[in-house]
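User: Could you take me through how some of the helices pack here? I have the model open.

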Amino acid sequence: MPGFLKAIGCLLRRDLTVALRRSTDVLTPLVFFIIVVSLFPLGLGPEPAVLRTIAPGVIWVAALLATMLSLNRLFANDHADGTLEQMALSPHPLTILVLTKVAAHWMLTGLPLVLISPLLAVQMNLPESAMGTLILSLLLGTPVLSLLGAVGAALTLGLRGGGVLVSLLVLPLYTPVLIFGAGAVAGVIAGIDIEAHFSLLAAFLALALTLAPWAAAAALRVSLD
């Protein structure tokens with residue numbers, strides 16, 4: 001067990017270190033997120049009521065698209081330098097190692113989106129009462145996006161045009177998370193009960209944590225054969 005935990009810690013630290021050395025890998029999704037959300041007030045005008053109405057959907061769609069930008073690199077670099085083969089041959093479960101890589105991906109992509117979202121929500125005239133709901137919905141939903149994206153990235157590993165294929169595979173799976181994530185924020189603005197939205201987001205997260213690492217590990221083994 002100590003060796004297993006050490007392996008997880010080393011893999012997490014390695015992924016974070018390598019990504020931070022390639023600053024563009026970290027900054028590109030964040031800058032894309034900021035630009036997409038910022039374009040809507042410019043295009044639609046500064047009308048507060050309009051911006052408040054569309055704010056939940058715009059922020060969530062932008063977060064979804066920003067997450068997808070980095071999915072193609074989730075396993076590609078490790079596949080190119082042989083790290084994935086070593087992971088598959090290691091005595092540790094590949095499922096847990098995949099989950100560790102997904103955690104690193106979320107810390108580098110999803111977490112910055114969550115932290116910057118309140119500033120963009122102010123730009124979209126989102127009420128203060130909905131800020132907490134927005135942050136909590138993103139905290140529950142963005143890990144699901146990374147987990148489902150890992151399955152798509154593993155299935156398309158090594159294929160030409162894999163980035164486009166990943167988008168086609170994961171977008172239908174992202175739809176329920178988008179609906180209930182944006183719906184929770186919109187519900188607060190409308191003054192309706194949002195407990196069901198958070199319950200479903202939590203259920204999606206639990207289901208993704210259970211099944212997605214196993215599915216991604218199985219897809220990686222097929223890609224490596």
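Analyst: A crossing is called left-handed if the near helix is turned anticlockwise from the far one by less than a right angle, and right-handed if clockwise. Helices are DSSP runs (H or I, at least four residues) numbered from the N terminus. The model is predicted, so local features need pLDDT of at least 70 and side-chain atom pairs count only at pLDDT 80 or more, while totals for chains, interfaces and linings use all residues. Residues are numbered from 1 along each chain as its sequence is written, and side-chain values use heavy atoms, without hydrogens and water.

User: OK, which hand is the crossing of α3 and α7?

Analyst: The crossing of α3 and α7 is right-handed. The axes of α3 (residues 48–69) and α7 come within 11 Å and cross at roughly 30 degrees, where axes are lines fitted to C-alpha atoms, for helices over the stretch in contact, and angles run from 0 to 180 degrees between N-to-C directions.

User: And how do α3 and α6 cross?

Analyst: The axes of α3 and α6 (residues 94–123) come within 10 Å and cross at roughly 160 degrees, and α3 passes α6 in a right-handed crossing.

User: What about α7 and α9?

Analyst: The axes of α7 (residues 131–155) and α9 (residues 195–224) come within 7 Å and cross at roughly 20 degrees. That makes α7 roughly parallel to α9 (angles under 35 degrees count as roughly parallel, over 145 as roughly antiparallel, 65 to 115 as roughly perpendicular and the rest as oblique). The crossing of α7 past α9 is left-handed.

User: Switching topic, where does Leu 39 lie?

Analyst: Leu 39 lies in helix α2, which spans residues 23–44.

Notes: Helix = DSSP H or I, 4+ residues; strand = E, 2+ residues; numbered from the N terminus.
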